[in-house]
Amino acid sequence: MRTFDYPGGVHNATPPRVVFGPGSAAGLRDEVERLGAQRALVVTTPGRVALGNRIAAQIGDRCAGLLPEAVSQVPIELARRGRDKAASAGADCLVAVGGGAATGLCKGIAYESGLPIIAVPTTYSGSEMTGFCGMTIDGIKRMHESLAMRPSTVVYDAELSQQLPLPISAASALNALAHCVDSVYLPSISPLLVPAAVEGARVVANALPRLSSAPDDLEVRNELLYGAYLGGAALTGGFALQHAIAHMLGGSFGVEHGVAHAVVLPYVTDHLVRRAPEPLGRIADAMGTPDLPGAIWDLAADAGLPVRLTDAGLGPGDLERAVEIATTAEDHDDPRLAGNPAPVTKDVVESILDAATRGDRPGGRS
């Protein structure tokens, strides 16, 4: 007899409104009005100022200004500074434009201010679907969760992602795939969202190889956004070993978030595939492979992404500290450590990081 019991609150809770389709960002002013907001602060990264200004112009007289300061890993100091700037601008909502950095900064601002978020993702991070946010405090990325950080509205417009550089696009797509893999086996995921993880993996695995030959293809970009949407929805069920390691690489060693996922996902999957054969078998079937870890390695390698930790900037001398950070939870309820098919121990993480240091294709083929 099938039974299940998953957490309420922020777990399995997706944004109440999603608008999907090329050109949909043209209606952002209407989305601000729909929230009943009067002054929307547009948040983006320093490299996306031109896009931020375009979005601000579309919002028009309901725009409170542009905050182009978002960076990866959401340093807590930046989140607090953003909160103060939102207050001084009289903002009553936030519009995140860009990737996970922009969405993360909005989440950090919303965490204490309660301001609603409209997310306009241009990458495939999936963060826009969740109420989770990793913020870096004292050099360690710590997970926060709150319904206040779950965007009220998400607008997916593939036209905004057409100029995203290929290396960033590929790393972000592996990030989306990691969400599908790392959530599908958890007891905390809603049965309603398991199919999202499976379908998300299929979509990303099919679309990513097409991206290299057609980086400006709107259909391919649209498919990758769809995969990111599904993976982000699945991620609301929780996350475990994969994210414990990837967050450690990003927060403590400065590895870009998508690259951090790409470089360890084949090896985490290789560790878990025999321990969770049914759920990960569904992912493998969806991707059309009998060798899930190897297929993920191939996706990363064929996309030109690092498959060795040294290529991502980690040296052998960093491994001991990396293992310690990845396996040390703030408390016993840390979602990174709950629900794994196998215990998250130092020996497990060390073996995965050793495999990632060597960079060999899982299954023994190079």
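# Tour: from a helix crossing to the cores

Helix 5 and helix 7 cross with left-handed geometry. This is a predicted model. Select residues 166-183 for helix 5 and residues 218-235 for helix 7. Their axes come within 8 Å and cross at roughly 35°. Two packed helices are described by just these quantities, the angle between the axes and the distance between them.

Now show side chains at the crossing. On helix 5, pick Ser169, Ala173, Ala176, His179, Cys180 and Ser183. They meet Arg221, Leu224, Ala228, Gly231, Gly232, Ala234 and Leu235 of helix 7. Colour this contact by class: seven residues are nonpolar, five polar and one charged.

**Stay on helix 7**

Select leucine 225, which lies in helix 7. Is leucine 225 buried or exposed? Its relative accessible area is 0%, so leucine 225 is buried. Beyond its neighbours within four places in sequence, leucine 225 is in contact with Phe20, Pro121, Thr123, Tyr124, Tyr156, Asp157 and Ala158. Draw a C-alpha to C-alpha distance from leucine 225 to phenylalanine 20: it reads 9.0 Å, across 205 residues of sequence.

**Move to helix 6**

Select residues 194-213. Which residues of helix 6 are buried? They are Val194, Ala196, Ala197, Val198, Gly200, Ala201, Val203, Val204, Ala205, Ala207, Leu208 and Leu211. Next, show what covers them. The cover includes helix 5 and helix 7, along with helix 10 (277-287) and helix 11 (292-302).

**Into the cores**

The largest nonpolar core has 82 residues. Within it, Leu177, Ile245, Leu249, Met287 and Leu353 touch the most other members. Centre on leucine 249. Setting aside neighbours within four places in sequence, its contacts are Gly254, Val255, Ala260, Val263, Val264, Leu309 and Leu314. Another core, of 19 residues, lies apart from the largest one. Select some of its members, including Ala37, Val97, Ile118 and Val120.

**Zoom out**

Switch to cartoon. The protein has 13 helices and eight strands. Its radius of gyration is 19 Å, close to the 21 Å that the globule rule gives for 366 residues, so the protein is as compact as a globular protein of that length. Along the principal axes, the C-alpha atoms fill a box of roughly 60 × 50 × 45 Å. Colour by burial: buried residues are 59% of the 366. Finally, consider contacts between residues at least 6 apart in sequence. Of these, 76% join residues at least 24 apart.

Methods. Residues numbered from 1 in each chain as written. Predicted model: local features only at pLDDT ≥ 70, side-chain atom pairs only at ≥ 80, totals over all residues. Heavy atoms only, no water. Axes fitted to C-alpha atoms, helices over the stretch in contact; angles between N-to-C directions. Helix = DSSP H or I, 4+ residues; strand = E, 2+ residues; numbered from the N terminus. Left-handed = near helix turned anticlockwise from the far one by under 90°. Contact = heavy atoms within 4.5 Å. Nonpolar A, V, L, I, M, F, W, Y, C, P; charged D, E, K, R; others polar. Core = buried A, V, L, I, M, F, W, Y, C linked by side-chain atoms within 4.5 Å. Buried < 20%, exposed > 50% of the residue type's maximum accessible area, 1.4 Å probe, protein only. Rg over C-alpha atoms; globule rule 2.2 N^0.38 Å.
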